[in-house]
Amino acid sequence: MRQIMCRVWYAIRQRRFEADLAEEIEFHRAMKRQELEEGGLKPIEATFATRRALGSTALAQDRSRDVWCPLWLQGVGQDVLLAVRTLLASRIVSTVAVLSLALGIGANTAMFSLVNSLLLRTLPVRDPQQLVLMSNGTGPRVSYWSYGVWDQLRPRPQLFDGAVAWSVTRFDLSSGGETRFVDGLLANGTFFDVLGVPPWLGRTFTTADDQPGGGSNGPVAVISYGFWQRHFDGAREAIGRTLTLDRVTFTIVGVTPPDFFGADVGRTFDVAVPLGDEPLIHDRNSWALPRSPSTLLTVMARLKPGQTLEAATAALRGVQPQIRDATLPEGLPPQFLDRYLKDALTLVPAATGNSNLRLQYQRPLVTILVVVALVLLIACTNVANLLLARATARRHEFSVRRALGASRWRLMRQLLMESAVLAGAGTVAGLLIASWGSQLLVRELSTQNVDAGPNATTNTVFLDLSLDWRVLAFTIGVTIATALLFGLAPALRASRVAPMDALKEHRRGTAGDARVGLASGLVVAQVALSLMLVVAAGLFARTFASLTARHLGFDREGILLVTIDTGRTNVDPTWRAALYLRAREAVLTVPGVAHAAVSSRPPVVSGPMLGQPLQEVSGGPPLPPNGRLSTLNLVSPGWFETFGIAFVAGRDITDRDRLGTPPVVVVNETFARVFLNGASPLGHTIKLFLPGPPPPPIEIVGVVGDAVYARSLREPIGPTIYLPLAQRDEVWLPFLASMNLSVRSSGGSPALLTKRVAAAIAAVNPELALTFRPLASQIDASLTQDRVLAMLSGFFGALALLLAGLGLYGVTSYGVSRRRREIGVRIALGAEPRHVQRLVLSRVSVLVVLGVIIGGMASLWASRFVATLLYGLEPHDPATLIEAAVVLAMVGALAAWLPAWRASRIDPAVVLRYE
Amino acid sequence: MGTRDALELLPGTLDLLILQTLVRGAMHGYGIAHQLKDVSNGVLQVGESSLYPALQRLLLKGWVKAQWGASENNRRARYYTLSAAGRKQLAVERQEFDRLILAIHKVLNTA
């Protein structure tokens with residue numbers, strides 16, 4: 001160990017050490033000379049005698065250096081220097097190689113760091129392996145629980161070593177008018193304790209704070225490190241300051257550590273408040289009450305030391321009947337209740353946290369990871385080809401070195417070192433690309449959808465992308481693998497050079513040697529891989545295009561969505577419906593507004609879909625137990641006009657449809673098809689499942705065209721019913737806390753209306769919380785996943801094409817340069833330029849066709865894995881496949897044509913003179 | 001002839017001789033060479049190309065310590081001293097060497 005330190009010290013102070021040694025030897029010589037002179041020799045003779053007696057100074061120094069730095073290590077150092085110098089000598093080739101490797105390695109690292117933070121990383125809390133999530137046991141989706149269930153779990157501490165419940169939400173920091181949202185967390189009192197998250201500053205909240213209406217300190221809040229830095233510049237005085245969240249004043253008591261982002265992977269929080277304060281915030285719409293039907297809580301537990309998942313699940317199922325019985329929701333049809341009682345409570349491991357983003361992006365991410373791995377493979381084959389060509393050009397150098405006594409291993413080492421230097425440079429550049437690229441991607445995934453209601457969130461995606469050991473290990477592994485992949489073949493080949501070759505003429509005249517064979521194989525592989533990537537890009541681009549072009553059933557342009565939230569105002573709940581209608585009247589007078597209408601939901605929302613169960617449709621076949629849900633929208637008059645939804649039959653909802661007049665409903669065409677076998681629904685009546693006394697039958701007075709109401713545009717349009725907003729009684733009050741006002745501009749960008757619309761609504765009631773967003777961007781946001789996939793696969797497809805083109809060009813021009821003499825002779829014998837061109841191109845076209853066939857078959861096989869990501873086309877879409885093949889053929893033709901053209905211009909006189 | 005001497009030494013003996021020479025106190029490289037030659041009546045002439053690598057080796061192993069100082073004719077010279085580890089090593093090598101010589105003697109003196 002001491003010796004290693006000494007050696008390192010030597011490496012650092014090498015100059016100093018050598019200077020010391022030289023001085024010492026010089027001193028030695030001087031002494032010797034003096035001694036000889038004293039013995040009677042003349043100075044000159046003494047100098048020579050000294051030299052004779054003491055031998056070579058250089059040898060002494062060399063040997064001394066060997067003591068400190070073993071020979072083999074010096075060799076490596078030399079190799080690195082030599083490699084760098086060789087690579088710098090052919091700057092263009094090296095730049096191309098490093099760039100393509102950087103893109104390949106960078107893309108891989110970026111995608112892996114996303115995969116890592118989303119799928120692999122454990123939560124930054126104490127013993128994350130002990131954490132489990134409570135689930136319904138009905139599939140991969142995360143289960144959400146009502147407050148009642150949590151209220152039943154809380155008094156049963158013997159089940160686990162602590163349990164926590166939380167809900168993600170957003171808080172409005174403003175006190176009126178346009179909203180300023182931050183990411184919020186409503187968590188129970190033991191949340192930070194059980195997870196094991198210590199305060200960074202101040203304290204975290206406890207069960208004492210988690211009391212209905214706040215503890216003895218009043219409502220308290222814990223803020224995240226990021227929020228603390230952004231809002232308070234990291235000032236310690238932030239503790240004790242107050243925050244207004246949804247019009248309620250909270251006192252800040254603490255800051256969480258920088259790496260803690262909550263227990264949901266894919267998002268972060270700015271402010272966390274105790275669950276007990278929820279009624280303060282949501283007031284009459286509160287859901288944190290034992291009888292509330294809303295299921296918004298995620299429940300996580302910590303296993304006791306030594307407790308297995310199975311034992312904990314068994315214990316939980318032991319108390320399941322009591323929990324289920326005590327929390328039976330009201331007003332649901334019997335089959336729903338049955339299922340509620342039967343679904344078995346299940347615990348699932350949760351070391352990596354809870355994540356909706358994970359479920360959504362797992363498959364797309366893995367797909368892109370495969371794509372970037374293929375790109376890296378192509379880059380590797382390209383670099384291998386470049387190195388092969390160069391190694392062949394350097395045959396002479398190698399054989400001379402062999403003749404001078406370099407071992408085969410030494411030559412191989414030299415070439416591998418060049419590969420390692422290339423790969424290393426590529427990795428360094430790749431890491432830069434990766435950190436930039438993965439952040440760009442996360443930004444791209446973040447959307448600002450307008451969600452409505454008390455359970456809305458901000459949809460900001462947050463992923464911890466800091467380098468950890470997994471990413472580092474991955475990158476280093478990729479680097480070594482690539483260096484071996486592209487470096488081994490050229491190195492092995494070069495090491496087989498015989499010393500004799502140096503003496504022979506080193507240029508053979510005909511094609512067809514092994515190097516060309518290997519290079520051709522690489523080109524075929526490249527073409528095949530690129531074809532796969534181009535096919536993937538084509539499939540995703542078509543999917544995106546058909547989603548964008550999908551007929552939505554309404555006119556998406558020119559509409560501004562305004563979410564109006566009355567939940568935080570003093571408006572009497574029974575007056576809310578009237579208030580929205582008054583806001584609509586006010587907005588209609590704004591210049592530039594063509595139409596405006598109120599609805600409980602806009603088309604294409606990102607929040608969970610609420611289905612309204614139907615009890616009966618008169619005149620239709622009996623409803624199946626599991627197929628009686630219908631999408632529900634509460635609308636004001638003018639809604640269909642605003643969105644340009646076509647009327648098929650009957651009449652629109654009018655101002656005359658209000659409480660006291662006979663209840664009416666408008667349905668869509670799918671409704672008629674599903675529930676009435678396609679018969680005209682006009683005149684039929686429907687009955688809904690609603691809490692309270694049995695509701696009266698509602699008459700269908702109109703039929704409209706289908707319009708998309710979904711979180712994703714790929715979901716099919718389901719049966720939809722439109723009920724007049726003005727006909728809703730108290731039963732419906734929970735639905736009316738917030739509404740969407742859709743404003744159609746009479747021309748020009750809808751976003752420009754924001755100010756005037758805000759002013760018009762404020763004139764009606766200044767307390768209303770307003771959120772604005774153009775419908776078009778809302779729809780764009782719902783296509784995020786498809787856009788990102790199309791963008792990435794398109795980018796990498798193009799990259800693959802470029803690399804394949806470069807590879808083809810390189811191999812063709814190399815082939816031509818080897819056959820210069822042969823071609824020259826042919827031209828001298830009268831071959832015409834087009835014959836020569838055909839000669840060159842025919843060879844390349846064989847390679848391209850072979851690559852296309854192999855790649856096509858591989859694509860046919862592999863495309864099945866992305867079937868679920870496609871929309872509007874089959875994975876075996878023939879048009880995409882043919883297009884991709886044509887594109888590749890064109891790139892191949894272009895890449896091969898230049899060298900072929902040059903070959904046809906070879907001057908036979910020049911070539912033959914050289915021989 | 002300078003380069004030949006080292007070859008004639010048994011492998012490893014140079015280290016031993018240097019260590020032994022340094023028992024008398026701090027000495028610079030020239031001094032060590034001079035001393036070896038004097039004591040051996042001119043038989044052991046050590047060249048720079050073996051002396052200095054050997055000294056570096058001993059330094060690396062921590063058996064000797066080096067320090068710059070002024071020489072007898074007032075030039076800057078590097079003085080080597082024996083370290084505690086070096087003293088221990090000397091005893092070990094001395095023993096080994098004695099055994100070796102004894103063995104060689106035995107072989108040579110057997111018929």
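Biologist: Is B:Arg78 buried or exposed?

Modeller: This is a predicted model, where local features need pLDDT of at least 70 and side-chain atom pairs count only at pLDDT 80 or more, while totals for chains, interfaces and linings use all residues. Residues are numbered from 1 along each chain as its sequence is written, chains are lettered from A and ligands numbered from 1 in the order in which they are written, and side-chain values use heavy atoms, with hydrogens and water left out. Buried means under 20% relative accessible area, exposed over 50%, and partly exposed in between, with a 1.4 Å probe and protein chains only. B:Arg78 has 8% relative accessibility, so the residue counts as buried.

Biologist: Which residue forms a salt bridge with B:Arg78?

Modeller: A salt bridge is a side-chain nitrogen of Lys or Arg within 4 Å of a carboxyl oxygen of Asp or Glu. Here the closest N and O atoms are 3.0 Å apart. The partner is itself buried, with a relative accessible area of 2%, and its name is A:Glu24.

Biologist: Why does the pair of B:Arg78 and A:Glu24 join two chains?

Modeller: Helices (H or I, at least four residues) and strands (E, at least two) are DSSP runs, numbered from the N terminus. A:Glu24 lies in helix 2 (residues 14-38) of chain A and B:Arg78 in strand 3 of chain B, so the pair joins two chains.

Biologist: In what order do the three strands of the open sheet in chain B lie?

Modeller: Two strands pair if DSSP finds at least two bridges between them. In this sheet the pairing is antiparallel, and the order is 1-3-2. Strand 1 (27-28) and strand 2 (64-70) of chain B each have a single partner strand, so one side of each is left without a neighbour in the sheet.

Biologist: What is the bridge partner of B:Met27 in strand 3 of chain B?

Modeller: Strand 1 and strand 3 (residues 76-82) of chain B pair in the antiparallel sense over two bridges. The partner of B:Met27 in strand 3 is B:Tyr80.

Biologist: Where in chain B is confidence lowest?

Modeller: pLDDT is the predictor's confidence in each residue, from 0 to 100. Chain B averages 82, and helix 5 (residues 84-109) of chain B has the highest mean, 89. The lowest mean, 44, belongs to helix 1 (residues 2-8) of chain B.
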